[in-house]
Amino acid sequence: MSMGGLILIHLLLTGGFFILDARTHGRIQAFADAWIVFFLPGFGLAILLLFRFFCWILRLKKGNAPEFSSPCEPLFRGTEFGKEIIPLNDAFLVEDRRQRQRFFTEAIKQSVVENQNILQMAMHDRDREIAYYAVSMLTTRMEKLETKLFQKESEIDADSSQNRDGLEEYASLLREYLAQKPFVDPVTWGKKQGDYIDLLNRLIQLEPDRMEYYEEEIRQLLDIRNFRAAGQLCGAMMERFPDREESFLMAIELCQVERDPEKLQQQIRALKASPIHLSKRALDVLRFWDEGARSNE
């Protein structure tokens with residue numbers, strides 16, 4: 001066979017290999033492989049065919065195909081999230097001023113900022129516009145909460161009956177308001193705390209078996225350092241719930257705040273001697289004070 005015929009056969013083999021390879025591996029890889037076949041007549045084609053054969057036998061390319069992003073079903077249904085969501089506390093790390101402003105503006109519009117620490121950071125941010133957004137959001141929230149409180153107070157004053165649901169809703173609003181302590185002036189906050197304590201008293205009278213009311217009022221009394229009233233309520237709680245560890249734990253908390261080590265050890269011994277099956281919380285309290293007592297010896 002003449003040289004021209006061999007060249008024609010080589011070109012046909014190279015072209016046929018390129019067409020078949022492009023269908024399975026893409027045009028770019030097929031073009032690169034075709035150059036090997038072209039510049040190594042005979043040997044290039046044999047090398048590539050043997051390489052593909054061993055790859056197929058040993059499954060060397062299994063799972064190595066490039067991954068393409070495709071739409072898939074969300075893991076959590078029922079809630080739609082934006083494409084550019086980042087934690088707001090990380091937004092302070094964004095150097096672009098406009099980007100940071102956009103993050104906080106959108107958050108304020110959607111009322112998604114609930115963390116008080118984030119609000120405090122935003123209020124003291126060096127960017128005045130971000131600080132303004134945070135203050136305006138907080139002001140709006142407090143105005144809504146104060147409006148709800150005023151409406152609920154009016155309803156309770158007008159209702160002569162002891163509406164438990166209304167009182168509990170009012171207590172929930174007061175609890176939410178008191179949680180905004182850093183943003184409320186001390187005089188107003190103290191008045192609302194007094195209203196909350198009085199309301200808890202009424203709820204205890206209406207539902208004396210609701211232990212959480214006792215605990216909440218004792219903590220509020222300890223916060224204003226009214227140890228006498230807190231001690232009386234601890235005694236009432238112990239009489240009402242003598243077989244509950246919470247009664248002992250609140251008495252221990254009272255002794256701790258009063259800094260009365262003798263009464264504290266008495267309450268700890270009483271809790272140990274009680275037949276109550278203690279929870280992990282109570283065991284942690286006993287372990288803590290036992291270690292403290294040993295360290296002071």
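This is a predicted model: local features need pLDDT of at least 70, side-chain atom pairs count only at pLDDT 80 or more; totals for chains, interfaces and linings use all residues.
Which residues in H10 meet which residues in H11?

Select residues 227-240, helix H10, and residues 245-258, helix H11. On the H10 side, pick Phe-227, Ala-230, Gly-231, Cys-234, Met-237 and Met-238; they meet Glu-246, Ser-247, Phe-248, Met-250, Ala-251, Leu-254, Val-257 and Glu-258 in H11. The residues of this contact divide into 10 nonpolar, 2 polar and 2 charged. The two axes come within 9 Å and cross at roughly 160°. Angles over 145 degrees count as roughly antiparallel, so H10 and H11 are described that way. Their crossing is left-handed.

From H9, show Met-211, Glu-215, Ile-218, Arg-219 and Leu-222; from H11, show Glu-246, Met-250, Glu-253, Leu-254 and Val-257. This contact has 6 nonpolar residues, no polar ones and 4 charged.

Now centre on Ile-218. Beyond its neighbours within four places in sequence, Ile-218 is in contact with Ala-230, Leu-233, Cys-234, Met-237 and Met-250.

Then widen the view to the largest nonpolar core, which has 35 residues. Leu-199, Ile-218 and Met-237 have the most contacts inside it. H6 (128-158), H7 (164-178), H8 (186-206), H9, H10 and H11 each supply at least two residues of this core. H8 gives the most, with 8 residues.

Last, select Phe-248, Leu-249, Leu-264 and Ile-268, which are among the 12 residues of another core, apart from the largest one.

Key
Residues are numbered from 1 along each chain as its sequence is written. Side-chain values use heavy atoms; hydrogens and water are left out. Axes are lines fitted to C-alpha atoms, for helices over the stretch in contact, and angles run from 0 to 180 degrees between N-to-C directions. Helices (H or I, at least four residues) and strands (E, at least two) are DSSP runs, numbered from the N terminus. Angles under 35 degrees count as roughly parallel, over 145 as roughly antiparallel, 65 to 115 as roughly perpendicular and the rest as oblique. A crossing is left-handed if the near helix is turned anticlockwise from the far one by less than a right angle, and right-handed if clockwise. Contact means heavy atoms within 4.5 Å. Ala, Val, Leu, Ile, Met, Phe, Trp, Tyr, Cys and Pro count as nonpolar, Asp, Glu, Lys and Arg as charged, and the others, Gly among them, as polar. A nonpolar core is a set of buried Ala, Val, Leu, Ile, Met, Phe, Trp, Tyr and Cys residues joined through side-chain atoms within 4.5 Å. Buried means under 20% relative accessible area, exposed over 50%, partly exposed in between (1.4 Å probe, protein chains only).
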